[in-house]
Amino acid sequence: MTADAELAAVPPAPILKDLTDENITENTVIINNQSRDRRLKYIMERLVTHLHEFARETRLTTDEWLTGIAFLVQCGKISSDVRHEFVLLSDVLGLSCLIDSMDHPKPKNATIATILGPFHAEAGEFENGDSICSDGKGEQCLIRASVKDTQGRPLEGVSVDIWETDSTGHYDTQYDGATADCRGIVKTDAEGQIWLKAIRPVPYPIPHDGPVGKMLEHLGRHPFRPSHVHFKLVKDGYDPLVTALYLKGDPYETTDAVFGVKSQLLIEIDRVTDPAMAARYGVNLNDWLIEYDFVICTEAEAAELKAESSRKYLAAKGLKLDLIDGLPVADLD
Ligand SMILES: [Fe+2]
């Protein structure tokens, strides 16, 4: 098709009224409504409506709007394949926590999810018993975990992706030219078990040398996260579980800069005190020990919960909307 023919094939855009601060929202929604994608149409309608209302309610000035634009430009400039400033921004605004809870609801007897954070990266595959951390990077810690379904059956072949900082509180991706370290993927065995050597997690500040760090400073907030180890559990037919285990009693347990801590994910870190256990797992007596029993739900269980949660929310708001895949969508006409 030529460019002229393509232009001729585009239906005429709806006519807009004289634009004022009172009707700009309605007109923006009207022109966006040309989309035939019902979910996109609904998201854009709500985005424009709330964005405009935010500007109206705050009486946003041109200077403040330009400050906001400059802030986003700075977030873009500092971002790279390994520096995810926008994820960080979403995290410190509590948006990641909110979306994660809505998009991956779990049955009561399943392990709760928490934020992915900005440091997940490709990791190598390991065998049970391997160490995912270079020697000398911290105090050795045995991680032993089981994975079961919501009926209590052990799950074999679950991919368990684990990542944490080194003992200085830095992820491998924060070092120039560094290779993968303190991260790895291992599969559960026939009993649904994994065990790896890692290091005792430490608290660390999120990267705060960029615009998000400056924003926290202006808000009087500290940038620290409590000691934790991240986990991502994946198996076909099951809802992926992105979660983390947090050390109880950490000084930042109740003020996590990115709102990741949940009481179900707080653990007491232990020591390996049984010589038989030390010998079995090839670790030293008195090494640190983290043990946890994960429970993952099926995609069907998660989908039903998600749809139920959407229906409840819409009913409470008095909204009548179609759901597709458990998510509200706009009408096409
Ligand atoms: Fe982290």
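**Labels and their cut-offs**

Q: Why is His120 called partly exposed?
A: His120 has a relative accessibility of 26%; buried means under 20% relative accessible area and exposed over 50%, with partly exposed in between (1.4 Å probe, protein chains only), so His120 counts as partly exposed. This is a predicted model, in which local features need pLDDT of at least 70, side-chain atom pairs count only at pLDDT 80 or more, and totals for chains, interfaces and linings use all residues. Residues are numbered from 1 along each chain as its sequence is written, and side-chain values use heavy atoms, with hydrogens and water left out.

Q: Where does His120 lie, and which residues does His120 touch?
A: His120 lies in the loop between helix H6 (95-103) and strand E1 (140-149), where helices (H or I, at least four residues) and strands (E, at least two) are DSSP runs numbered from the N terminus. Not counting residues up to four places away in sequence, His120 touches Asp161, Trp163, Arg183 and Lys232, a contact being heavy atoms within 4.5 Å. Between His120 and Lys232 there are 9.3 Å in space, C-alpha to C-alpha, although they are 112 residues apart in sequence.

Q: What makes the arrangement around the iron ion irregular?
A: The iron ion is coordinated by Tyr171 (OH), Tyr204 (OH), His228 (NE2) and His230 (NE2), at 2.0 to 2.1 Å, and donors are N, O and S atoms within 2.8 Å of the metal (3.2 Å for Na, K and Ca); water is not among the atoms, so sites may look incomplete. Four donors count as tetrahedral if all angles lie between 85 and 135 degrees; four count as square planar and six as octahedral if opposite donors are over 155 degrees apart and all others between 65 and 115; anything else is irregular. The four donor atoms subtend angles of 89 to 160 degrees, which makes the arrangement irregular.

Q: How do you know whether His228 and His230 are buried or exposed?
A: His228 has a relative accessible area of 2%, so His228 is buried, and His230, at 2% relative accessibility, likewise counts as buried.

Q: Why is Asp256 called buried, and which residues are in contact with Asp256?
A: Asp256 has a relative accessible area of 6% and is therefore buried. Asp256 lies in the loop between strand E8 (241-247) and strand E9 (266-267); leaving aside neighbours within four places in sequence, Asp256 is in contact with Phe224, Arg225, Pro226, Tyr246 and Val261.
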